[in-house]
Amino acid sequence: MYDWLTDALQDSSHVLTASRRLARVLQLEYGAQQVAAGESAWRSPSIMSWPNWLMQIIATSKDPQSLPTRINVHQSRILWERCLRREVNDPLLNIALLARQSMESWSRIHEWSVPLGDCAEAAQGKDRRLFVQVARNYQSILDRENWIDAAGLPRLLVQLMHEHSVAVPPKVTLAGFDRIVPQVDLLLDVLRNAGCDVVIASNTQAPGSGILHRYENTDAELRAAGAWARSKLDQSGEQCIAIIVPGLEQDAPRYARLLKEGLLPGWQCGDARYDGVVNVSYGRNLAAYPAISIATLALRWLCKDLSTSEVSLLLRSPMLGQSGDDGRSRLELRLRQSPDRLWSPAMLLAELNRRRDSPNANDWLERLRALSDCRSGLPQRNSPSAWAALFDALLDTLGWPGSGSLNSHEFQLINRWRELLNDLARLELVTPAMTSAEALGRLLTMAKETVFQPEAAGALVHLLGPLEAAGMQFDQLWVAGLSASDWPPAGRPLALVSRDLQRRHGMPDADPQDTLDYAHRVISRLISSSPQTVCSYPRTDNNAEQTVTALLAEFDIEATAGPEDPLWHASQWVNAATVATVTSDPVPPVSDDETIAGGAATIQRQLTDPFSAFVFGRLGVRALSAITAGLAPGIRGNLIHSALHRLYTDLPDSHAIAGWNEKDINDRVQSAVAASFHQLERNADPVLQYLLMLERRRVGELLKGVIAMDAARETFEIASVENAVDAEINGIRLHLRYDRVDRVDGGQVVVLDYKTGAPKRLLDRNGDPKEMQLLTYACAISDPIAGIGLVNIDTRNIAIDAVGRTFTPDLDWDAALPRWLERVRNAAGEIRNGDVRINAWQTTKDARPLSLLSRIGELRRDA
């Protein structure tokens with residue numbers, strides 16, 4: 001392959017490529033050719049992309065001091081946005097988007113050598129006239145400051161060559177150019193007139209033959225392409241194999257995964273080496289990489305408060321601070337118990353500072369303190385270079401990108417981030433000073449617009465877009481997606497330049513025929529870049545029937561049945577009974593020193609689904625509290641329970657409660673509410689403060705309702721509230737905490753449990769308890785039980801739903817209570833013996849949280 005390359009580099013000649021990717025490929029190929037020729041050392045070849053060559057040649061000027069200062073794309077964007085804001089005052093206008101379109105139009109009219117005056121004469125409509133005016137302002141800034149952007153470099157080089165200020169190479173060879181734009185053509189003419197031999201490299205390996213396959217859909221097509229590549233590698237591992245996918249930039253990770261399904265079935269179960277078997281030409285936005293996302297999120301905390309979800313992400317990330325996450329996980333769990341709010345670093349530090357229970361938790365909090373100190377000392381304005389240095393130093397203080405060693409891809413990613421910080425510092429040329437928010441906003445914008453793809457060593461297959469493959473040659477090539485709906489692709493003419501003017505100058509996509517001709521050239525180039533090319537297309541796409549593109553009609557393409565779709569590798573595990581081996585692994589009985597977690601809730605779980613009782617009670621699994629906006633139901637319930645505890649903490653009797661006057665009630669209620677809400681109000685932001693104020697009023701009214709209900713009851717005295725006990729029930733030990741126990745006549749007790757939210761019934765329609773919570777408490781109390789009851793506390797009604805001697809005279813309490821308590825003891829005995837039965841009749845919603853552990857779906861299917 002590339003037989004022309006060695007001759008093209010003789011006598012200090014240059015090879016100029018349309019892309020940096022092609023330049024790297026040719027450099028590697030040249031080295032391989034030299035080794036194959038028996039050379040042990042050789043002069044480094046002059047192979048570079050067109051933009052790099054322009055800058056290198058211009059830098060050799062005899063009078064470099066007179067050259068204009070080169071500005072990069074980020075500096076150029078700031079100037080465009082500044083010029084646009086001078087002309088436009090509409091706050092609804094997306095200046096960033098308009099700047100991007102303006103930069104694209106500016107670059108295109110320079111490539112096609114279209115004078116700005118012609119654009120002005122042809123401009124029709126507000127947007128096009130605005131572009132002309134802004135472009136003139138932009139050009140005036142460049143002229144006044146003696147700056148030049150990428151669009152002006154070819155014109156500058158032409159000028160320098162006319163002035164004989166730069167050395168003209170003896171020969172240049174162009175590779176990978178599907179279009180030679182007028183700006184480049186002019187420069188090539190100047191090179192030829194100066195005695196330079198200009199050659200256009202041929203990319204042809206074959207006369208344009210191939211085979212055509214059709215597949216059910218895109219997924220099947222790419223899986224089959226992966227299987228085809230695997231078969232070719234089995235024949236010879238030294239081949240250059242590529243698969244071309246149109247629209248690769250839209251979802252490159254998905255296409256790569258589909259390809260690996262056929263190339264390396266089961267790659268998800270392999271180690272990190274499998275990640276690099278496919279070299280994808282199109283990367284992701286830098287901001288989309290987890291390490292960069294965490295870095296930018298941490299830096300945002302300098303300028304604005306973060307939500308609970310964002311802080312949770314920082315706490316859980318291994319890319320900040322020391323390795324190990326046990327203490328930080330407990331910090332994050334504590335955070336989830338707080339209402340969602342906007343957290344400043346100082347506010348979070350005050351909330352979590354008492355949770356220093358492990359080295360890595362202490363390390364994280366100390367780094368948080370450093371962030372808080374940095375935020376409090378931020379200058380109002382600073383230079384971009386100073387902000388870049390501060391951001392870099394702060395990330396280092398926060399322990400980013402983590403304490404683990406970096407692999408090759410991660411190392412390249414971090415280096416690219418540091419290059420981006422350098423680009424931020426270079427903005428000082430066009431913006432001497434910024435606020436912290438402006439600097440960070442600019443950095444985030446740059447990260448979102450920077451596409452990064454790490455260089456992969458040892459890739460077996462290349463996944464490319466049609467344009468990225470320009471100039472490349474392959475031993476084996478598969479071109480996918482050749483349906484009529486995708487080829488030719490939709491044209492994208494400039495929106496800010498007159499369409500008639502674009503047609504007159506032959507600019508891209510100005511005319512449908514141009515789009516068709518260009519698509520034909522691309523397909524012709526692809527088919528001829530391999531000895532025999534495999535073409536394919538999907539039969540359906542998004543439920544729409546597809547046909548093959550008519551652009552293949554003139555090529556020698558034979559339609560044949562292609563490699564079969566290997567389907568999803570995981571599909572072979574669907575019939576688990578054919579591959580799974582069930583082993584006997586009984587759960588051991590409860591040991592003497594084992595305490596069952598979950599309290600009364602574990603007993604209830606045992607009665608409905610023993611497996612969940614085992615998971616939550618013996619394994620100690622806990623469901624994560626969801627981070628929800630406002631005051632979560634659980635937090636509201638905890639506030640009411642806390643206030644009810646404080647309301648009766650002095651254990652009054654019914655006579656005392658009935659004797660309280662309005663002032664006594666108000667004072668007691670306010671004191672209970674204030675003590676319960678104090679912790680949440682201490683670090684509340686304005687929104688949360690308002691929500692807590694509303695909740696304060698609601699809870700206060702509920703407490704008054706409870707007092708009114710108790711004042712109307714028969715004689716009792718409160719024996720205990722929020723009492724925690726350790727109990728042993730039929731051989732298992734439990735930690736229990738009951739809300740309230742009242743003592744009635746005769747020394748007997750009534751066990752009460754507060755229920756907030758929708759009212760609940762204690763007994764079902766058959767007269768049996770719906771839940772075992774109160775009965776579990778009754779098992780742990782040595783005093784005789786006169787009754788059990790639920791205190792339903794709701795803004796609509798506050799009432800007791802109870803059973804017992806005085807509550808339900810028709811019920812034979814002395815017979816019912818022992819029968820119910822025996823159910824609790826039996827359930828405890830089943831837990832003690834290691835019962836892990838799975839309730840196959842539970843609803844999908846109830847089974848879902850533990851379905852991965854219970855495998856209830858497979859059990860139902862195989863039953």
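Trainee: Which residues line the largest cavity?
Mentor: In this predicted model, helix α16 (residues 359-376) gives the largest share of that lining, with four residues. The largest cavity holds about 80 Å³ of space. Its lining residues are Ala298, Trp301, Leu314, Leu320, Trp364, Arg367, Leu368, Leu371 and Leu398.

Trainee: How many cavities of 30 Å³ or more does the count give?
Mentor: The largest cavity has about 80 Å³ of space. The second largest cavity has about 30 Å³. The count of cavities of 30 Å³ or more comes to two.

Trainee: Which helix gives the largest share of the lining of the second largest cavity?
Mentor: The residues lining this cavity are Gln606, Pro610, Ala613, Phe614, Arg618, Ile831, Gly834 and Asp835. They divide into four nonpolar, two polar and two charged. The largest share, four residues, comes from helix α23 (residues 610-618).

Trainee: How many disulfides does the count give?
Mentor: A disulfide is a covalent bond between the sulfur atoms of two cysteines. The number of disulfides is zero.

Trainee: Is Cys535 buried or exposed?
Mentor: Buried means under 20% relative accessible area, and exposed means over 50%. Cys269, at 74%, is exposed. Cys535 has a relative accessibility of 0%, so Cys535 is buried.

Trainee: Which residues touch the most other members of the largest nonpolar core?
Mentor: This core has 111 residues. Helix α7 (residues 126-145) contributes the most to the core, with eight residues. The residues that touch the most other members are Trp53, Trp301, Phe391, Trp400 and Trp417.

Trainee: Which residues does Trp53 touch, not counting residues up to four places away in sequence?
Mentor: Trp53 is one of the residues that touch the most other members of the largest nonpolar core. With residues up to four places away in sequence left out, Trp53 touches His14, Leu16, Met48, Leu157, Pro169, Val172, Leu187 and Leu191.

Trainee: How many residues are in the second, separate core?
Mentor: Trp4, Ala8, Ala242 and Leu552 are among the members of this second core. The core is separate, and its number of residues is 37.

Trainee: What is the omega of the peptide bond from Trp400 to Pro401?
Mentor: Pro401 lies in the loop between α17 (384-397) and α18 (408-426). The peptide bond from Trp400 to Pro401 is cis. Its omega is near 10°.

Trainee: What is the phi of Ser12?
Mentor: Ser12 is in the loop between α1 (5-8) and β1 (14-17). Its relative accessibility is 47%, so Ser12 counts as partly exposed. Although Ser12 is not a glycine, its phi is positive, at about 60°.

Trainee: Where is Ser113 placed?
Mentor: Ser113 is not a glycine, yet has a positive phi of about 55°. At 38% relative accessibility, Ser113 is partly exposed. Its place is in the loop between α5 (95-111) and α6 (116-122).

Trainee: Which residues does Gly700 touch, not counting residues up to four places away in sequence?
Mentor: Gly700 belongs to helix α27 (residues 686-711). With a relative accessible area of 9%, Gly700 is buried. Not counting residues up to four places away in sequence, Gly700 touches Val669 and Val673.

Trainee: Which residues does Arg300 touch, not counting residues up to four places away in sequence?
Mentor: Arg300 is located in helix α12 (residues 290-300). Its relative accessible area is 22%, so Arg300 is partly exposed. Apart from residues up to four places away in sequence, Arg300 touches Leu306, Glu310, Leu440 and Leu444.

Terms used. Residues are numbered from 1 along each chain as its sequence is written. This is a predicted model: local features need pLDDT of at least 70, side-chain atom pairs count only at pLDDT 80 or more; totals for chains, interfaces and linings use all residues. Side-chain values use heavy atoms; hydrogens and water are left out. On a 1 Å grid over the protein atoms alone, a cavity is a set of points where a 1.4 Å probe fits but cannot get out, and a pocket is an open set with protein on both sides within 12 Å along at least five of seven lines; lining residues have an atom within 4 Å of a point. Grid points are joined across faces, edges and corners, and a volume is the space filled by probe spheres set on the points. Helices (H or I, at least four residues) and strands (E, at least two) are DSSP runs, numbered from the N terminus. Ala, Val, Leu, Ile, Met, Phe, Trp, Tyr, Cys and Pro count as nonpolar, Asp, Glu, Lys and Arg as charged, and the others, Gly among them, as polar. A disulfide is a pair of cysteine sulfur atoms within 2.5 Å. Buried means under 20% relative accessible area, exposed over 50%, partly exposed in between (1.4 Å probe, protein chains only). A nonpolar core is a set of buried Ala, Val, Leu, Ile, Met, Phe, Trp, Tyr and Cys residues joined through side-chain atoms within 4.5 Å. Contact means heavy atoms within 4.5 Å.
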